[in-house]
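Grab a pencil and work through these exercises with the structure on your screen. Try each task before you read its solution.

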Amino acid sequence: MTKGLRFPVLAGVLGAALLATSAHAGQSRQEAQGRAVVQARCAACHAVTKTGESPNPAAPPFRRLHETYPVADVISAISRYPASWK
Ligand code: HEC
């Protein structure tokens, strides 16, 4: 994965978490980019929206990630995904 891709993904994950908890969250361009990446690459397994369960029951919905996972470490989680994704 290129450096350019990681930050939009993080922004998308954080943006999804924020949107789930705040009705007033604005959407920056970076959040929109991240959301598109996350939609394309992660939504097959993870719920990436405010409601609904994950398509893969073992994959935590992104809006709940912050409850069990240090979201700042999401980059290291992403870096463990197969190289074909990057
Ligand atoms: C093929 C299905 C699948 C896809 C696609 C997928 N995930 Fe996951 N993910 C899982 C499963 C299953 C878990 C829970 C089990 C685990 O922790 O390994 C998980 C857990 C996680 C966790 C929790 C931390 C961890 O390592 O346990 C993070 C963060 C995460 N995924 C991020 C992502 C991101 C970001 C993407 C898109 C770039 C993504 N996932 C795409 C299946 C997937």
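**Exercise 1. Find where Pro 55 sits, and work out whether it is buried or exposed.**

Step 1: Pro 55 lies in the loop between helix 2 and helix 3 (65-68). Helices here are DSSP runs of H or I with at least four residues, strands are runs of E with at least two, and both are numbered from the N terminus. Residue numbers start from 1 along each chain as its sequence is written. Keep in mind that this is a predicted model: local features need pLDDT of at least 70, side-chain atom pairs count only at pLDDT 80 or more, and totals for chains, interfaces and linings use all residues.

Step 2: Now for the cut-offs. A residue is buried if 20 or more other C-beta atoms lie within 10 Å of its own, exposed if 12 or fewer, and partly exposed in between, with C-beta atoms placed from the backbone. Pro 55 has 11 C-beta neighbours inside 10 Å, so it counts as exposed.

Step 3: Leaving out residues up to four places away in sequence, Pro 55 touches Ala 44 and Cys 45. Such a contact needs C-beta atoms, placed from the backbone, within 7 Å.

**Exercise 2. Which residues of helix 2 are buried, and where do they point?**

Step 1: Check the length. Helix 2 has 13 residues and reaches 18 Å from its first C-alpha to its last, close to the 18 Å expected at 1.5 Å a residue. That expected span is 1.5 Å times one less than the number of residues.

Step 2: The buried residues of helix 2 are Glu 31, Gly 34, Arg 35 and Val 38. Looking down the axis of helix 2, they fall within an arc of 105 degrees (taken from the directions from the helix axis to the C-beta atoms), so they line one face of the helix.

**Exercise 3. Which residues form the largest nonpolar core?**

Step 1: A nonpolar core is a set of buried Ala, Val, Leu, Ile, Met, Phe, Trp, Tyr and Cys residues joined through C-beta atoms within 7 Å. The largest one has 9 residues: Val 9, Val 13, Val 38, Cys 42, Ala 47, Val 48, Phe 62, Leu 65 and Val 74.

Step 2: Take Val 9, in helix 1. It counts as buried because it has 21 C-beta neighbours inside 10 Å. Not counting residues up to four places away in sequence, Val 9 touches Gly 34, Val 37, Val 38 and Ile 78.

Step 3: Next, Val 13. Apart from its neighbours within four places in sequence, Val 13 is in contact with Gly 34, Val 38, Phe 62, Leu 65, Val 71 and Val 74.

Technical notes:
Two residues are in contact if their C-beta atoms, placed from the backbone, lie within 7 Å.
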